[in-house]
Amino acid sequence: METKFTGIPGLDEILGGGIIAPSTILIAGNPGSGRTTFGVQGLCEAAKNGENVLYVCMTSKSESAVREGISNYDFYEESLNIRTFNISSVERDPLTMLVELGNIVASLKPDRVLIDPVTPIGFGFPEAERRRFMYSLNSAIGEWNAIVYLTGTMSQSDVCRSVISDVVEGIVYLSQEIERRGSKRTIKIMKMNRPNYIEGEHTFDISNSGIEIYPRITTHDTEQLSPETRIDSGIPRFNELIRGGLFELSSTLIAGNTGTGKTLFGLHFIVQGARDGDAGIISTFEDSPAELRRYASSLGLELEELEQKGLIKIIYTPPPEINACRHTVELRKNIEEMGAKRILLDDISGFDYVFGDPVAKREHVANMMRNFKDMGITSMLISGNRAAGNNVLTSEIPVSSLVDVLILLKHVEIGKEIKKTMSIMKMHGSDHEKHLIQYDIDSEGIHIGEFLKDM
């Protein structure tokens, strides 16, 4: 048995390396979920790689009309063999179709076959006869020595009840949910003839280029030791308060009320790294790149200049467009391309648009931070965009317990003035200042002031 590539970005990673040949895979899902695109894209990419492929389509359209529809995708390959069967005929007389299909396969000897869809075949038969036909089809497929995809419009409960599930080696389930902000598409492996696939739901998109899958974040058990090397946070006095700077590969959460300078803390961190030769990435959900550049420039931080040198990259994702898995794939790609050593996420409350469940958000953030460490990245997360006076720390408890360093920024009324204050709530592996600390922001950035010992 041989492992072959699927031709669909992200799918080989989910499957743990590719698809086993020969094997039979059911591609099931609800209407509009992309089953046909999934199957045809896999065939076309295999054809470009020199494989002989066959698309068997149950339809009322002609072969030329089917080919014309497929040709609108960028992945289309002219050498794709297409054979159509009238859908009403295969519902009534599937055995004749099976004989004809056997002759076509014997003539073409394809490496991969897509039967799309398989569920209408023999639809007019009693259930017992349909089951017998499916066993006959499976027996025929066993003689083809090919990767065979079968598609079907089925709910997950339909899949569990169907005889098709018993005869295939793998089941891939696609779903589409229409939401206020658009379609949410997910894919999961319900069954596969290899043990190392990634379980759970993954998201995907469909465009003119076809399907692209974004595997969910997973972590691996590692015995990686935390380095004792300190790095410059970009705020000199703050480095003193944490006894020499942040630890390399650590994760820091800056939580604070609106207007406390959370983003500025992050910009100092990224800009200082770039000045020291460590490339950095800013992932922003709220401020556009132009807004960040203008803000940094007003405070004496040469963000745009460092961008032009390739030492900083801004990745902007408006909150309504956040796809957590796609976002992670994009970050990993840019980290690898830049050789980045630092990353700033501003702010992670943007994930609230994606995860209605705080536990799911916590799991995603935890896996994301572990991935950063595995990639050699020191991370800083911004969160807690609350109105002045709200309890920011309480709102961030689900995430704050995950990080190595927790900094809380608050507005405090002192006499008749509102002061900005900082509390270093924790720092794993190091002593740190325990007092409430006052700080100011001016045209040159953040300036750490005196301790407020009596508050």
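## Helix contacts and salt bridges

Let's start with two helices that touch: Pro94, Leu95, Met97 and Leu98 in α5 meet Phe133, Ser136, Leu137 and Ala140 in α6, where contact means heavy atoms within 4.5 Å. Keep in mind that this is a predicted model, in which local features need pLDDT of at least 70, side-chain atom pairs count only at pLDDT 80 or more, and totals for chains, interfaces and linings use all residues. Residues are numbered from 1 along each chain as its sequence is written, and side-chain values use heavy atoms, with hydrogens and water left out.

**The α5 and α6 pair**

- By class, this contact of α5 with α6 has 7 nonpolar, 1 polar and no charged residues (Ala, Val, Leu, Ile, Met, Phe, Trp, Tyr, Cys and Pro count as nonpolar, Asp, Glu, Lys and Arg as charged, and the others, Gly among them, as polar).
- The axes of α5 (residues 94–108) and α6 (residues 127–142) come within 11 Å and cross at roughly 0 degrees; axes are lines fitted to C-alpha atoms, for helices over the stretch in contact, and angles run from 0 to 180 degrees between N-to-C directions.
- That makes α5 roughly parallel to α6, a label for angles under 35 degrees.
- Helices (H or I, at least four residues) and strands (E, at least two) are DSSP runs, numbered from the N terminus.

- Side chains of opposite charge can pair when their charged atoms come close.
- The count comes to 15 salt bridges, each being a side-chain nitrogen of Lys or Arg within 4 Å of a carboxyl oxygen of Asp or Glu.
- One of them joins Glu51 and Lys4, with the closest N and O atoms 3.9 Å apart.
- Glu51 sits in the loop between α2 (35–48) and β4 (53–59) and Lys4 in strand β1 (residues 2–4), so the pair ties together parts that are 47 residues apart in sequence.
- Both Glu51 and Lys4 are buried (under 20% relative accessible area; exposed is over 50%, partly exposed in between, with a 1.4 Å probe and protein chains only).

**Salt bridges: Asp431 and its partners**

- Asp431 forms a salt bridge with Arg243, their closest N and O atoms being 3.4 Å apart.
- This pair links distant parts of the chain, 188 residues apart.
- Asp431 is partly exposed at 42% relative accessibility, and Arg243 is partly exposed at 38%.
- Asp431 also bridges to Lys434, with the closest N and O atoms 2.6 Å apart, and Lys434 is exposed at 58%.

Definitions and conventions
Angles under 35 degrees count as roughly parallel, over 145 as roughly antiparallel, 65 to 115 as roughly perpendicular and the rest as oblique.
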